[in-house]
Structures are given as structure tokens and as C-alpha cells.
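Subject: Structure handover

Hi,

Here is the structure we talked about. My notes on it follow below.

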Amino acid sequence: MKRMLSLALVYSLTVSLSAGLGAQVQNPGVVTGNVVQANGVISGSVRSSSGRPLSGITMELVDARGTRVGTTTTSRDGDFTLLPVAYDTYTLQCVQQNKVIGTSSVILKAATESVKMTCTSDAGVWNKAGVVTALVAVAAGLGAAGIVSTKDDASGSR
Amino acid sequence: MRHVVDSGLAVGAAIVVLASSLLGCSADPATRDKPSVKYDPVSGRLKELGFDATRNGRNDSVGFMDGTHVQRIEVDEDEDGKVDRWEFYSGNRRLERMGYSRRHDGALDAMAFYGEAGEVERIELSTRGDGRFDRVEFYRFGSLARVEEDTNGDGRVDKWETYAVDAHSTPGESHPIVSASFDDAFRGTPTRRFVYHPDGRDVLRVEVDPDGDGVFQESTAARPDRPEN
């Protein structure tokens, strides 16, 4: 009798478990409880158009409404890391001398997002003169001024 | 024009040589590299002229010539054996383009284009260093006026910036940003646009173009720090 009761209990538990699993398969995707807002960290590096790391640049994070929601300053190597913010679409701004000198769109949808951006702050690098003057000077020093003579008919030959 | 050797070339060259001798050179004259010259074996015309542009005693630059015509000069700025700068000259020795290796690895990843007056007109950059030029900076009066960039490498521009540059600008001066537009959907046209305050510091308003017809409307998401009209 005792053994019969044990078998009946095992059978009952097995049926109940099967029924429970069956119900789970038939009614999936039901989740209840509090939804926690996901946050992520935006970090990256900033360089100028000539490739120079931009240090001491204020990096601002602006949300879709145009409101600043984060700020930090780039390191000596041009690197930066902002405090965690909610997953969303943002705009990163490089600020130098109280002016925005570059922007980048950032869509944050993971725990970390790395951004490499170019901000122009050294146009003067590209304004520097070429070295043709030095070449001409060398030619003159060689006693071969005719090599790079301004005369159109100079052949530049030996 | 600063990039062009003017008609007083011989006088200028003499002054440079004289200045060099007066100022001296850090390198011992005995160990200083001598300029190297190569001629075309068939035509006898000058082909290459190696020289020391930085005047530290080591040859770091090579001028590629066609006789009297300077075609290109390659400069190894850090003297590591790799070219860092390429200068391309026109027939009248005007600097037309200057290439640059931003990573100093010998690969040309930036190119500046110059106007007739020697001012920078445009800079094209390969920001990833993969050979594809994905950012173009347009200059007016020597200052940045506009940027177009392909940030995701799909071949289409997805970021636009404009800056307030005027004719009285000092070359190289940074000017207030006017607007920044982004194509977050990577569809080829901007999906949203920031319009900045005239001082170039704060966002004045946010505009959106959801259907991509080029007509922007102010975003309905009101900013909490903006007064209601």
C-alpha cells in the first residue's frame, strides 16, 4: 500500500511537471516586473585633421533635444570617457575656446561605445610653405643654379 | 604667394644659403650629408635631388625633377626612412597639393589642395587609414567653412557641418559652427540637424527630416531649458 502511494505520487509529480512545461511552451514571452533603463559608457579619442591628438579639449554629450547631458576633458593622448548614460542617440561635440569645433553622432546601444573622431583645430598646419625654396637653395649651393632656373629654356641637363 | 618661388629665385636662394652659413648648422660639416643628384642616363636631364630640408646634417628630402621642372618633393620629417609629406608642384612651381601621412607610417592618408593664391581650398582625409578618403574639409579664406564625412564607411556622406566664415577672416582662425546635420539612418540625406546659436556654442534648435525630402521641421521634443513662445 505504501509502495502504491509512492508510485502514485511520482506519477502525479511527473504529470504536473509535464503539464507545467507544456503551458510554458504554449504561452511564451510573458514578462512581468519593473523594466530597468539600460546605460552605457561612451569613450574615445580625438585627433586633429593633421593627426595630432587633441588634449585639453572639452567633450560634450548632447541629447536628441539639444541639451547637454555630459561633459569631460580629453587627456594628453586625446582620449576621453564620459559618465554612463541611457541608451539613445546623442551628439558628441568638441569644444575649444568656447566654440564647437567638431561633432559626431553616437548611437548608444551597448554597454560601451568607442568613438574616434576628427575635430579641426590646426588649419595652420596645412598653410605652411612647401620646401621647394630649400631645394632651390641646395641647387644654388651646388653651383647648379641653372638646375632650377626660372628661365623656361633652361634644360637642367649636365 | 608663399608657395611659389618668385622671379627673384636666384637672389632668394643666395639669401638662404648665406643665412644658413651665418646661422650655422648643428651637424659637423665633416659628417654632414652632401646633396645627391641623379640624372636621366638617356636624356641627361636632372631626375632627383636629395637634400637636407631641416638642415640638421642628414638628407631627408628628395626632389623629383624633369630637368628644371620640380614635379614632386618627398620629405621624411622624422627621418625614420618613411616619407611623411609629399608636395606636388605645377609647372610654375606653385604648390598644388600636399599629401601627408598622419600616422607617419609612409602611407598617404591626407591631401590638401591649394588655390591659385596659395590658400588651402580643400583637405581630404582617410580617417581610418584604410586608403579610403572619408572626410572632406572645405576652406574659405584659409578657414574651415564646411565638412562632409562618411562615418560608417559605406561610401555615402552621413555628417555635414557648416561654419560661419567671412571675407575678413584671419587664415587658420576657427569660426562659429552654424549647423551640424546627421544621417542616423544612413539613407543618404540628413535625418536631423542641430542649428547653433550665432556664437557657435549652444544648440539653438533641433530640426528633423523624417521622410528625407530635404524639408526640415523643428523637433517637437521641447527643450526644458527653453522658454515657451
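What is the mean pLDDT of chain A, and what share of its residues reach 70 or more? This is a predicted model, and the mean for chain A is 77. Of the residues in chain A, 65% reach 70 or more.

Two stretches of chain A call for care. Residues 7-25 of chain A have pLDDT below 50. Beyond near neighbours in sequence, that stretch makes zero contacts in the model. Residues 149-156 of chain A are also below 50. Here the model does show contacts beyond near neighbours in sequence: 15 of them. Where pLDDT is low, predicted coordinates should not be read in detail. Please keep that in mind if you set anything up from these coordinates.

Now the sheet in chain A. Four of its strands make an open sheet, in the order β3-β2-β6-β7. The pairing is antiparallel. Strands β3 (68-73) and β7 (99-108) of chain A are the edges. Each has a single partner strand, so one side of each has no neighbour in the sheet. From one strand to the next, the twist averages 20 degrees.

Inside that sheet, β2 (residues 58-62) and β6 (residues 88-96) of chain A run antiparallel and are joined by five bridges. One residue pair to look up is A:Val62, whose bridge partner in β6(A) is A:Thr91.

On to chain B. It has one helix and 15 strands. Of its 229 residues, 30% are buried. What about contact range in chain B? Take the contacts between residues at least 6 apart in sequence: 18% of them join residues at least 24 apart.

Strand β1 (residues 36-39) of chain B pairs with β2 (residues 46-51) of chain B in the antiparallel sense, over four bridges. B:Lys38 has B:Glu48 as its bridge partner in β2(B). The β1(B)-β2(B) hairpin has six residues between the strands. In that hairpin, B:Gly44 takes a positive phi near 80 degrees.

Which strand is joined to β2(B) by four bridges and spans residues 61-66? That is β3 of chain B, and the two run antiparallel. B:Glu48 turns up again here: its bridge partner in β3(B) is B:Phe64.

Best wishes

Key
Residues numbered from 1 in each chain as written. Chains lettered and ligands numbered in written order. Predicted model: local features only at pLDDT ≥ 70, side-chain atom pairs only at ≥ 80, totals over all residues. Pairing = 2+ DSSP bridges. Axes fitted to C-alpha atoms, helices over the stretch in contact; angles between N-to-C directions. Buried ≥ 20, exposed ≤ 12 C-beta atoms within 10 Å, placed from the backbone. Contact = placed C-beta atoms within 7 Å. pLDDT = per-residue confidence, 0-100.
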